[in-house]
Amino acid sequence: MNEPRRSEKATAVAAWEALFRAQVTVMRALNADFPGGEISFNEYDVCFNLSTQPGRRCRMRELTSHLLLTQPSVSRLVDRLTARGIVEKQPDPADARGVIVALTPHGFDVYRAVAVQHAQTIVDQVGAGLDEAELRTLTELCTKLRTAAGASTSRRGPRTMSDVDVAAR
């Protein structure tokens, strides 16, 4: 391998490690300070994702794709939220096998109340070390990275752990 390529690889790995460590540190702080009286951090994530969808609803499969949880975990989470009247499950009129998850009016009220408190914790954690211009740059860089990674993944198709093991050697 030539030297510039090795340097590029080392730089990418170092950037990933810095991003990952920052994300873990911030997420731990956000989780520790989360105002979880009525909903948990993961339940909030479900409500947040539903709140961004048209009609505050989406297919279960689409919701799962937005979360860092397995499909069975998301199903159990949605069942708990349904039992408390925060979301409701509806049949998908376009696909009888599909389920639509919708944020109820009560669920949206719960989400908004928690979101206001949670937003302040985000400001305290993320804004603590970065000024306004750096926050804008961080947003642009993360968006660019997410877009590029999404395009790369869709071109390659899903990778298995054995693919990752081989690539790491």
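This is a predicted model: local features need pLDDT of at least 70, side-chain atom pairs count only at pLDDT 80 or more; totals for chains, interfaces and linings use all residues.
Reader: What makes up the secondary structure of the protein, and in which pattern does it run?
Author: The secondary structure comes to seven helices and three strands. Along the sequence the pattern reads α-α-β-α-α-β-β-α-α-α. Of the 169 residues, 27% count as buried. Among contacts with a separation of 6 or more, residues 24 or more positions apart account for 49%.

Reader: How do you know that the length of helix H4 agrees with its number of residues?
Author: Helix H4 covers residues 71-83, which is 13 residues, and at 1.5 Å a residue these should span 18 Å. The end C-alpha atoms of H4 are 18 Å apart, so the span agrees.

Reader: Which residues of H4 are buried, and why are they said to line one face of the helix?
Author: Val74, Ser75, Leu77, Val78 and Leu81 are buried in H4. Seen down the axis of H4, the buried residues fall within an arc of 165°, so they line one face.

Reader: What do the buried residues of H4 pack against?
Author: They pack against two helices, H2 (41-51) and H3 (60-66), and against two strands, S2 (87-92) and S3 (95-103). Just after H4, Gly85 takes a positive phi of about 75°.

Reader: How do you know that the length of H5 agrees as well?
Author: The 22 residues of H5 should span 32 Å at 1.5 Å a residue; the end C-alpha atoms are 30 Å apart, which agrees. H5 bends by about 25° at Ala115.

Reader: Which residues of H5 are buried?
Author: They are Gly107, Phe108, Val110, Tyr111, Val114, Ala115, His118 and Thr121.

Reader: How many aromatic pairs are there, and why is the pair of Phe108 and Tyr111 called tilted?
Author: The count comes to five aromatic pairs. For Phe108 and Tyr111 the ring centres are 6.0 Å apart and the planes stand at 35°. Centres within 6.5 Å make a pair, and planes under 30 degrees would count as stacked and over 60 as edge-to-face.

Reader: Where do Phe108 and Tyr111 lie, and what makes each of them buried?
Author: Both lie in helix H5 (residues 105-126), three residues apart, about one turn of the helix. An α-helix has 3.6 residues a turn, so residues three or four places apart point the same way. Buried means under 20% relative accessible area. Phe108 has 14% relative accessibility and therefore counts as buried; Tyr111, with 10%, also counts as buried.

Reader: Which residues do ring pairs link into a cluster?
Author: The cluster holds Phe34, Phe41, Tyr44, Phe108 and Tyr111.

Reader: What makes Arg56 a residue that lies over the face of Phe108?
Author: Arg56 is at 3.4 Å from the ring centre of Phe108. The limit on that distance is 6 Å, with a further limit of 35 degrees from the ring normal.

Reader: Where is Arg56 found, and why is it called partly exposed?
Author: Arg56 is found in the loop between H2 and strand S1 (57-59). Its relative accessible area is 33%, which lies between the limits of 20% and 50%, so Arg56 is partly exposed. Phi of Arg56 is near 55°, a positive value in a residue other than glycine.

Reader: Why does His118 count as buried, and which residues does it touch?
Author: His118 is found in helix H5. At 4% relative accessibility it is under the limit of 20%, so His118 counts as buried. Not counting residues up to four places away in sequence, His118 touches Leu30, Phe34, Pro35, Phe41 and Tyr44.

Reader: What makes Ala102 buried, and which residues is it in contact with?
Author: Ala102 lies in strand S3, and its relative accessible area of 5% makes it buried. Leaving aside neighbours within four places in sequence, Ala102 is in contact with Leu50, Arg56, Arg57, Ile86, Val87, Glu88 and Gln90. The C-alpha atoms of Ala102 and Cys47, 55 residues apart along the chain, are separated by 9.0 Å.

How values were computed:
Residues are numbered from 1 along each chain as its sequence is written. Side-chain values use heavy atoms; hydrogens and water are left out. Helices (H or I, at least four residues) and strands (E, at least two) are DSSP runs, numbered from the N terminus. The expected span of a helix is 1.5 Å times one less than its number of residues. Buried means under 20% relative accessible area, exposed over 50%, partly exposed in between (1.4 Å probe, protein chains only). The arc is that of the directions from the helix axis to the C-beta atoms. Contact means heavy atoms within 4.5 Å. The bend at a residue is the angle between axes fitted to the seven residues ending there and the seven starting there.
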